[in-house]
Amino acid sequence: MPSARFSLLKECRYLPGNPQKQPEVIPSRQAMRKRLACLLTLCACLLALIHGAPAQTNSTPAPVVLHAARLLDIETGRISAPGEVLVRGERIAEVGSAVSHPAGAQVIDLDDTTLLPGLIDAHVHLFLHPGAEDLQTVQESVPQRAIMATLAARADLMAGYTAERDMGTEGAGSADTAVRNAIDQGLIPGPRLRISGNAISILGGHEDAIGYNPEQRVLPNATFANNSAELVAVIRQQIKEGADFIKIYETGEDSFRNRQFSTPYQYTEAELSAAVAEAARVGKRVAVHATGEPGGLYAVRAGVASVDHAYQLSDETMRLMHEKQIPAVPTFTIEEYFAEHPSSPEEATWGQLLEFHAQEFRRQLAAGVPMAVGSDVGPYPHGTQAREFVLMVKYGMTPLAALQAGMINGAKLLGWQGQIGALKPGYFADIIAVPGNPLQDIGVLQKVTFVMKGGKVYRR
Ligand SMILES: [Zn+2]
């Protein structure tokens, strides 16, 4: 994140000796005043640097007080009425029923709404859009897909998602690095992102482009790695290109016939362990697409960060996930969407698969498997994925447990624990407002009316 000092220096285009300076024959009085102001601020900055104190500049935004009818503490489930948050810069300074209102503070009255921490989606695809399937890599250029990803990021932010884990560009290489960096630099609106680059899969496996004329060499939706050494090499390349974590396809193609679910594994436990060790060498983690067994068990034994989809998990896998606190990320919304929008006769079975998954989900909850909230948005429209909270409640969680899975477990999974996922002093000011009370009706998360990220208002 660029410091205030650097951005101040960049703004001083009138500084003598600045190569970008436009020549002026007779400097106007206004230009002279600007030069003087810049010189004075630069002196102040240099003094601050010498003394090690943060530079105070005129560009420091005024404190903001958010006021609403209610505020929900999702750690305790306690509602404050009214609710207020004092925001200074990009961080939360105070939270309560009545916070201090410093002189010059901007007060934003959000009326009959509930303040909550910004939503976190632990499984998104910014580089996918409805209708795009295997041939997206053939029909759409990577620059085109990157433009669409910036629109997707904006749509998710406006829906209240202030942080997301992007689970693979699906054949667009490391183009997500540019999207994440542009958001971090404030060039485009979007959630805070953890990105994986292109996901990793095996030759002829779940994400390979099978069924096309081999002479056409249709690009797969993932990068191939076929053994431990290749996994290590691909992981090194992806981290070089900007990946925050590694996404591996561990299972597929799935089969669901007569209510019997099965899916082949793609990597052995030893291969996954090699991948986890290589990522860990540089402080990073591995997340897996794993819909069933034995791939789920191999993944949790290897120590992955999360098991995504998790339609079916064995008793031993659930026990280990509870013990190691590895969350499952159910992604119900995509299953519901495919059930309601089948593009082939086989996809008509998605409804039965969703029912089956819901039943297994209740077993997972009973076994104490931690959950995180991930929607797999992308194949269905970005910005609509708060439906995932509704489905997690429909299938067995309380609204508060679903909110905690989303924001508390989500913050941990994204590596931002203690920074996001709660309204607490010192945390990033990632704050949303929803009408009504989400503990009584989780569906209000689909009607976000206010979005602040890092102290900046994006939707009001
Ligand atoms: Zn996915």
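This briefing describes the overall make-up of one protein chain, one of its sheets and one pair of its helices. The model is predicted. The protein chain contains 13 helices and 21 strands. Of its 460 residues, 46% count as buried.

**Contacts along the chain**

- Among contacts in the protein chain with a separation of 6 or more, 69% join residues 24 or more positions apart.

**A four-stranded sheet**

- An open sheet with mixed pairing is built from four strands, in the order β5-β4-β1-β6.
- The edges are taken by β5 (91-96) and β6 (106-109); each has a single partner strand, so one side of each is left without a neighbour in the sheet.
- From one strand to the next, the twist averages 20 degrees.
- Strand β1 (residues 64-68) pairs with β6 in the parallel sense, over four bridges.
- His 67 has Asp 109, in β6, as its bridge partner.

**The packing of helices α10 and α11**

- Helix α10 (residues 332-340) packs against helix α11 (residues 350-366) at an angle of about 155 degrees, and their axes are 8 Å apart.
- Because angles over 145 degrees count as roughly antiparallel, α10 and α11 are roughly antiparallel to each other.
- The crossing in which α10 passes α11 is left-handed.
- On the α10 side, the residues in contact are Phe 332, Glu 335, Glu 336, Phe 338 and Ala 339; on the α11 side, they are Trp 350, Gly 351, Leu 353, Leu 354 and His 357.
- By class, this contact of α10 with α11 comprises six nonpolar, two polar and two charged residues.

Note on methods. Residues numbered from 1 in each chain as written. Predicted model: local features only at pLDDT ≥ 70, side-chain atom pairs only at ≥ 80, totals over all residues. Pairing = 2+ DSSP bridges. Helix = DSSP H or I, 4+ residues; strand = E, 2+ residues; numbered from the N terminus. Axes fitted to C-alpha atoms, helices over the stretch in contact; angles between N-to-C directions. Buried ≥ 20, exposed ≤ 12 C-beta atoms within 10 Å, placed from the backbone. Contact = placed C-beta atoms within 7 Å. Parallel < 35°, antiparallel > 145°, perpendicular 65-115°, else oblique. Left-handed = near helix turned anticlockwise from the far one by under 90°. Nonpolar A, V, L, I, M, F, W, Y, C, P; charged D, E, K, R; others polar.
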